[in-house]
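This report goes through selected local features of one protein structure. Please keep the sequence and the 3D view at hand while reading.

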Amino acid sequence: MELVIDDKQLMPAVKETIKQLGLVPEQSLKGLTWSVDEFRHECLGGKSRAWVKREIFDRYPETYIENGGFIVDPFPGTGRKTIIYAYDASLWVNEHYREFNWRS
């Protein structure tokens, strides 16, 4: 005996099951931006702002948006702030964390 289930009924059930099993992230980082403080807490273990400037901004100019990176205005002037694209930043840190001087 063959059972036929309409895709319109099956897909919502499959999507709900995937969500319940935790196979889909609750919140995606795509489209989100972080401040320097959010970046250092979310990706860098709460290292200081000075550490982030020295170990990331100074050492890795490829992270600057104008160089194809994810950081807008890493050294802002008065009235401006640094913007960090969360998704790309988290991927980049995942690839480079072994290079950082964590003990400084």
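## Basis

The structure is a predicted model. Every value below is therefore to be read as computed from that model.

## Helix H3

Helix H3 spans residues 49–58, and its buried residues are Trp51, Val52, Glu55, Ile56 and Phe57. Around the axis these residues take up an arc of only 165°, so they sit on the same side of H3. An α-helix has 3.6 residues a turn, so residues three or four places apart point the same way.

Several elements cover the buried residues of H3, including helix H2 (36–43), strand S2 (71–72), strand S3 (83–85) and helix H4 (86–96).

Val52 is one of the residues of helix H3. Its relative accessibility is 0%, and Val52 therefore counts as buried, the cut-off being under 20%. Apart from neighbours within four places in sequence, Val52 is in contact with Val36, Phe39, Arg40, Leu44, Lys47 and Phe57. Phe39 is 13 residues away from Val52 along the chain, and the C-alpha atoms of the two are separated by 9.0 Å.

In H2, the buried residues are Val36, Phe39, Arg40 and Cys43. They cover an arc of only 100° around the axis, and so lie on the same side of H2. His41 and Glu42, on the other side of H2, are exposed. The buried residues of H2 pack against S1, H3, S3 and H4. After H2 comes Gly45, with a positive phi near 60°.

How do the axes of H2 and H3 cross, and within what distance do they come? They come within 10 Å and cross at roughly 80°. H2 is therefore roughly perpendicular to H3, as angles of 65 to 115 degrees count as such. On the H2 side the contact is made by Val36, Asp37, Phe39 and Arg40, and on the H3 side by Arg49, Val52, Ile56 and Phe57. Sorted by class, the contact of H2 with H3 has five nonpolar and three charged residues, and no polar ones.

## The sheet

Three strands form an open sheet in the order S1-S3-S2, and the pairing is antiparallel. Strand S1 (33–34) and S2 are the edge strands, each pairing on one side only. Strands of a sheet pair through backbone hydrogen bonds, either parallel or antiparallel.

S1 and S3 run antiparallel and are joined by two bridges. Thr33 has Tyr85 of S3 as its bridge partner.

## The loop between S2 and S3

Asp73 is located in the loop between S2 and S3. Asp73 is not a glycine, yet its phi is positive, at about 60°. Most residues other than glycine have a negative phi, and most peptide bonds are trans.

Thr82 is also in the loop between S2 and S3. Is Thr82 buried or exposed? With a relative accessible area of 7%, Thr82 is buried. Not counting residues up to four places away in sequence, Thr82 touches Trp34, Ser35, Val36, Phe57, Ile71, Val72, Asp73, Pro74, Phe75 and Pro76. Thr82 and Val72 are ten residues apart along the chain, with their C-alpha atoms separated by 5.7 Å.

Thr63 belongs to the loop between H3 and S2. Its relative accessible area is 0%, so Thr63 is buried. With residues up to four places away in sequence left out, Thr63 touches Gly69, Phe70, Ile71 and Trp92.

Ser104 lies in the segment after H4. Which residues does Ser104 touch, not counting residues up to four places away in sequence? They are Lys47, Trp51, Arg54 and Glu55. Of these, Trp51 and Glu55 are among the buried residues of H3. Ser104 and Glu55 are 49 residues apart along the chain, and their C-alpha atoms are separated by 9.0 Å. Ser104 has a relative accessible area of 38%, so it is partly exposed.

Key:
Residues numbered from 1 in each chain as written. Predicted model: local features only at pLDDT ≥ 70, side-chain atom pairs only at ≥ 80, totals over all residues. Heavy atoms only, no water. Buried < 20%, exposed > 50% of the residue type's maximum accessible area, 1.4 Å probe, protein only. Helix = DSSP H or I, 4+ residues; strand = E, 2+ residues; numbered from the N terminus. Arc of directions from axis to C-beta. Contact = heavy atoms within 4.5 Å. Axes fitted to C-alpha atoms, helices over the stretch in contact; angles between N-to-C directions. Parallel < 35°, antiparallel > 145°, perpendicular 65-115°, else oblique. Nonpolar A, V, L, I, M, F, W, Y, C, P; charged D, E, K, R; others polar. Pairing = 2+ DSSP bridges.
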